[in-house]
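Have the model open as you read.

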Number of protein chains: 4
Amino acid sequence: MNDMLKVGILGASGYTGSELVRLLARHPHVEIIAMTAERHAGKRMVDVFPQFRGRELPLLMKVDEVDWRRADFVFCCLPHGTTQEIIAGLPHSARIVDLSADFRLENPETYAAWYGHAHKALELQKEAVYGLTELNRQAVKTARLVANPGCYPACTLLPLAPLLQAGLITPQGIVVDAKTGVSGAGRSLKEGSLYAEVAEGFHAYGVAHHRHAPEIEQELTKQAKEDILLSFTPHLVPMNRGMMATSYVTLKDGITATDLHAHLSKTYAGEPFIRLLPEGQTPQTRHVKGSNYCDIGVVADRVPGRAIVISVIDNLVKGSSGLAVQNMNVMMGYAETTALEQEPMFP
Amino acid sequence: MNDMLKVGILGASGYTGSELVRLLARHPHVEIIAMTAERHAGKRMVDVFPQFRGRELPLLMKVDEVDWRRADFVFCCLPHGTTQEIIAGLPHSARIVDLSADFRLENPETYAAWYGHAHKALELQKEAVYGLTELNRQAVKTARLVANPGCYPACTLLPLAPLLQAGLITPQGIVVDAKTGVSGAGRSLKEGSLYAEVAEGFHAYGVAHHRHAPEIEQELTKQAKEDILLSFTPHLVPMNRGMMATSYVTLKDGITATDLHAHLSKTYAGEPFIRLLPEGQTPQTRHVKGSNYCDIGVVADRVPGRAIVISVIDNLVKGSSGLAVQNMNVMMGYAETTALEQEPMFP
Amino acid sequence: MNDMLKVGILGASGYTGSELVRLLARHPHVEIIAMTAERHAGKRMVDVFPQFRGRELPLLMKVDEVDWRRADFVFCCLPHGTTQEIIAGLPHSARIVDLSADFRLENPETYAAWYGHAHKALELQKEAVYGLTELNRQAVKTARLVANPGCYPACTLLPLAPLLQAGLITPQGIVVDAKTGVSGAGRSLKEGSLYAEVAEGFHAYGVAHHRHAPEIEQELTKQAKEDILLSFTPHLVPMNRGMMATSYVTLKDGITATDLHAHLSKTYAGEPFIRLLPEGQTPQTRHVKGSNYCDIGVVADRVPGRAIVISVIDNLVKGSSGLAVQNMNVMMGYAETTALEQEPMFP
Amino acid sequence: MNDMLKVGILGASGYTGSELVRLLARHPHVEIIAMTAERHAGKRMVDVFPQFRGRELPLLMKVDEVDWRRADFVFCCLPHGTTQEIIAGLPHSARIVDLSADFRLENPETYAAWYGHAHKALELQKEAVYGLTELNRQAVKTARLVANPGCYPACTLLPLAPLLQAGLITPQGIVVDAKTGVSGAGRSLKEGSLYAEVAEGFHAYGVAHHRHAPEIEQELTKQAKEDILLSFTPHLVPMNRGMMATSYVTLKDGITATDLHAHLSKTYAGEPFIRLLPEGQTPQTRHVKGSNYCDIGVVADRVPGRAIVISVIDNLVKGSSGLAVQNMNVMMGYAETTALEQEPMFP
């Protein structure tokens, strides 16, 4: 076990934390040596997530009870805002993937505007690498601190970034109509997350002011080399897992949906986690459930000069913990698919 | 009972048929005198829909077993294509609301292009009135044959038609991202309607070729006095009932989302079934479930010059059988809300 | 409006409160004059339950802000334990249906043992009438305070009480395996009520120690004239509404399942809300959803001398608010079905 | 690849077939060389189950198009009744796990009585070994043909068989109240499997005549050495996966629930797929989802001399395809947990 990577998980009692445990359980190079959960400190993981009965795991502890010098690698699954100071306090020897929103926005003013307070770790922010692996693999390799993308950004950027980068679609007028399962809201107690408030109904939320919009815009702007402002509307689907982005785009003159499809096909050839459907076919969230896949479909719209691009992920895997493990694999030089090979689970 | 309206239901063994029975059960002026169901002829309704145990209803019969001269009024819930000839065969004395798609498209060529065969009752088509009551009440009053709108058109037209009619939004570039519950697919046996194929997942279908697109476009074109071509994408939500249209629109110069809201407020003042939310708030399907309401919300987009308009209905009520009863009430001179007053059922 | 019954609702911001509003909205003799909600005092009902948009309702108030002398009738939907003192403080002129557990157990020691504290209104307890209308209609008629049964007791007692009363089944060895939808847990914030903790899963809870067991036993004991001790296991079904009791009973010598069926048929002939299925058929919760029906099925077991009796209700209607309205109708001399006639809503 | 086990799957287009593919995808010793699907012959698996996009799999073929001499091992996922002759036609060199009901009932008369026709392969029936691995591991090891248990029997026998074998509970009066997710009904088109007929509702089915009852009774009778007749009632839960058996048992004189717990603890010590909860705790289906675990809880009933035993499995894994792979592992001498180590997926 001497050559095992010693991993700590900050915030292990939420769904992204438990999903990390699920995935890392099969990672041949990883040993989980610490897990924190402030409210549940002292409990065993099985008392918080009974699915792990029988698995050996460290006791849940408070953040400041852990000797972080023992950790080679840390996943941080804490709520945004609380994360900056805790990460700043970790030993510099540890490499980190942060699953919160704290280090995603490069511009501190944008952060302050959308999150309501000044950023508390500006030096770290400068160092952080935006960890959408497929788009940023080289930088992730050598990063000490990776900001794991939000679920909506991961789902939206994977299809749109290459199209903007190649100048195939116009930066103006992009509409992203997005839908997520309920686990994205986490395990905290909110009336809107109650079963009876979610089942047998559908609604939009955060219309025109969801915090993932500036994150998507930041990354698309880099690709387009032009300021991007999106119409972005998230909706809540009565299901546990799954996320879809239905993106309506305007084609540059002379470009067709077939060109978009061909470019994505070329861009993502060889990518283990991107599956492009034949042109005209569209993906379903259920066919990526539990897996690290992002499935993408491209369809020519009936409106001339427009196309519809649909992408789906499992919000807890490719939209969060799976992507985090993928980033860890890249950072540590492991095969990128390690512990992420399992098939989607349908039905 | 002499002054009761004698009503027949063609196709009573599907969900729109049973929903009509549910609603008409409380209608003080209606007596159901015939119900047809080819495959179930000879059975009692309770054997097909056990929720009606204890209610007196006619036996299910085949269409040609019924003496239609007894019927004052007929609801037709048959699949499209089969309906034209059957309605053509009804006595002229009966007034009719057809819930199929057969008489919605005014242009026979459009019908043929989207439904794959020539229209078989062109004279009736000319006579038919498009029955979105709020937009077409005067014509409905005197119509003999009302074409009940599709669910997506009902949900989409109620917010958008007044805005186009008043010239507040541009006819170009409208994106309608729509979502429906599963009952809209009916009770017929399709793999895609199986529980295990629907639950815990989300997908788009009919992308860029759904048959409700030309219907919406026909009606919006009338309002805009200009040809409308939509980006329209329907999605399937794992829930029984409910429908939402998230519409992205471009404001005419100088117009704001507040203007849209004010215009809808004025247009729909006094309408019993349209509930406009305060500007900036958005509706949820669960809050109209079981009712004939259409709830509408208007939000200014972050993209300057654009707005997001969200409308929700119960697809089986305001999107189908409830709207049909509303049309009947108008045609027969009953109070328009008769049998449609029940509150939404949440949760 | 002078002859309208002036009704107050204590605890209107939970699901039983909103269900009362839904049902009473169509009651021709009722005017809601006060609704309380401690946490939401000062808000409009539409801000707490948006399905009521457009309906005129009193503002939500705190209990002690209401002038209760104005109320002819009070429904109490408060959590158990808090209810006793509040009801004791109401003017004696008001008649009351209490939907909490506070007045259901006649023996104060049983109450203290199961609810963890001494009963605080013993005089009221003596006066209270157990309000399972079908079994206790005469006493309900003249009661000032009716203790509305728990949902599991309502669902279980309706089929079993007549069978024990008639001596057709043995008091020993009854197994009641019960299942409920999630709305029964109310709107309070509990991790176990979160969508992601309920959907796509099934579990038992309160095994061998659920508080409805002594309530069922108390009422069955009255019928059997012999102490009854039950095996009672409730389970949580991932659905909003609906409740089923699957009861396994031992037949007295010489008695058959057909005798059980015949006796229930005779007992409940003429009861508007009890629907007995043909022998051998079993009911589904979806066919009573939204209605005040209790559907009952009786099947002979393969094990000689045993039968299986299955009963279903909507836990928020016949298991709670609908039964409360039924009791009010009986108490006030209105037609018993008033405001409770609506059809079940399926799907 | 020479030492890979060459595996064929008969009936790969149903849910048990796709679940086998999901599990075997990670099996280091297995190569799938043939998959059949009569209706879909000629298609690729990805066209029938899009979750397998990107995975190399044989084309779907008809049964008689396959050269079965190439197969070392065959999983048979065909509907019962069709299976007997097809398996009789396979080369004797192939070892077989049959997931249908065809070889589970040892008594041909019982088979004929419950399945409506005489058994067509009596010699094979004599040879077949009942494959509940934990109870029958030695016989499975050397079997050529293993009859994979039904899902309800697997879930019920695992807790009850050891208790009867040890004489801790009485063979009389056992009540098994069972619940399953919808995937157990398979992918065939039945009205009762439609989303709108399953969601938001709950019902029992096959009451007192489900075909899994005689299978459970056969195996329990072997353990008890006394004829067992069960009260067995299956119910349908609106969820995709998961199964629970709530078993009500009578303790032999002097025996307590603690004794039951202790005996199960001892019996299943070292079993990799059986997880016994602490006494008094009860399991949830969601905590075994996607895994091969059977979780078991034991609770003392309030009724003296009785206990409640609750067991849960994923019906598609431990109740079907996972158990089949476990049997294959035992038959071939692989580590029993191979390809079955993945964690449950919650939420």
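What follows covers symmetry, an interface and a helix.

This is a predicted model, where local features need pLDDT of at least 70, side-chain atom pairs count only at pLDDT 80 or more, and totals for chains, interfaces and linings use all residues. Residues are numbered from 1 along each chain as its sequence is written, while chains are lettered from A and ligands numbered from 1 in the order in which they are written.

Turn chain C by 180° with a shift of 0.0 Å along the axis and it lands on chain D with an RMSD of 0.0 Å (least-squares superposition on C-alpha atoms of residues with pLDDT of at least 70 in both). That's the relation of a two-fold axis.

Over at the A/B pair, 36 residues of chain A are in contact with 37 residues of chain B (contact: C-beta atoms, placed from the backbone, within 7 Å). These strands of chain A each supply at least two residues of the side touching chain B (strands are DSSP E runs of at least two residues, helices H or I runs of at least four, numbered from the N terminus):

| Strand of chain A | Residues |
|---|---|
| S8 | 175-180 |
| S9 | 203-204 |
| S10 | 231-236 |
| S11 | 243-250 |
| S13 | 294-300 |
| S14 | 306-313 |

Now for helix H9 of chain C, residues 212-224. Its buried residues include His212(C), Pro214(C) and Leu220(C) (buried: 20 or more other C-beta atoms, placed from the backbone, within 10 Å of its own). The buried residues of H9(C) pack against helix H4, strand S6, helix H7 and strand S10 of chain C. After H9(C) comes Lys225(C), with a positive phi near 55°.

Note on methods: Contact = placed C-beta atoms within 7 Å. Expected span 1.5 Å × (residues − 1). Buried ≥ 20, exposed ≤ 12 C-beta atoms within 10 Å, placed from the backbone.
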